[in-house]
Amino acid sequence: MLQRQLKRWLDRTEQVRNNHKEKADGAKVKMEELRSVHRGLTEERSEKGKEMERRRVRIEQTEKKMADLKENIEMEIHAARDEYLKMDSHIKLYITEMEQSI
């Protein structure tokens, strides 16, 4: 009778060990899957961060070019206006001289 009880307890112990081992193996597989997913998400996040940084730099460069172009256009407009005023002054002076000579 003691032999039977010992055998039952040993069988139960073995069954508990097997169940524990199966659960541990399942958890290990799940953990590897989660690590893989985490690695993929981290890599994707890193790539998106790099892409956003590239876009930010490109936008900043474009904004600087636009500001430079605006400044150049304003300078050209100012120079053209000054040239116009100078020419207008010369024409008025010429007209005045012509009126005085007549």
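## Basis of the model

Because the model is predicted, local features need pLDDT of at least 70 and side-chain atom pairs count only at pLDDT 80 or more, while totals for chains, interfaces and linings use all residues. Residues are numbered from 1 along each chain as its sequence is written, and side-chain values use heavy atoms, with hydrogens and water left out.

## Overall form

The protein chain holds one helix and zero strands (DSSP runs, numbered from the N terminus: H or I of at least four residues for helices, E of at least two for strands). Its radius of gyration is 44 Å, well over the 13 Å that the globule rule gives for 102 residues, so the chain is more spread out than a compact globule. That radius is taken over C-alpha atoms, and the rule is 2.2 Å times the number of residues to the power 0.38.

The C-alpha trace spans about 150 × 10 × 10 Å along its principal axes. Within the chain, valine 57 and alanine 24 are 33 residues apart in sequence and 49 Å apart in space, C-alpha to C-alpha.

## Surface

Buried residues make up 0% of the 102 residues (buried means under 20% relative accessible area, exposed over 50%, partly exposed in between, with a 1.4 Å probe and protein chains only). Valine 57, found in helix α1, is partly exposed at 31%.

The accessible surface comes to about 10,400 Å², of which 59% belongs to carbon and sulfur atoms (Shrake-Rupley method, 1.4 Å probe; for residues, only the protein chains shown count as cover). Isoleucine 91 lies in helix α1, residues 2-101, and has a relative accessible area of 46%, which is partly exposed.

## Salt bridges

Side chains of opposite charge can pair when their charged atoms come close. A search of the whole structure finds 10 salt bridges (a side-chain nitrogen of Lys or Arg within 4 Å of a carboxyl oxygen of Asp or Glu). One of them joins aspartate 11 to lysine 7, with the closest N and O atoms 3.7 Å apart; both residues lie in helix α1, four residues apart, about one turn of the helix.

Arginine 55 pairs with glutamate 51 at 3.3 Å between the closest N and O atoms, and these two are also four residues apart in helix α1, about one helical turn. In lysine 92 and aspartate 88, the closest N and O atoms are 3.4 Å apart. Lysine 92 is exposed at 51% relative accessibility, whereas aspartate 88 is partly exposed at 25%. Salt bridges that share partners join Glu51, Arg54 and Arg55 into one network.
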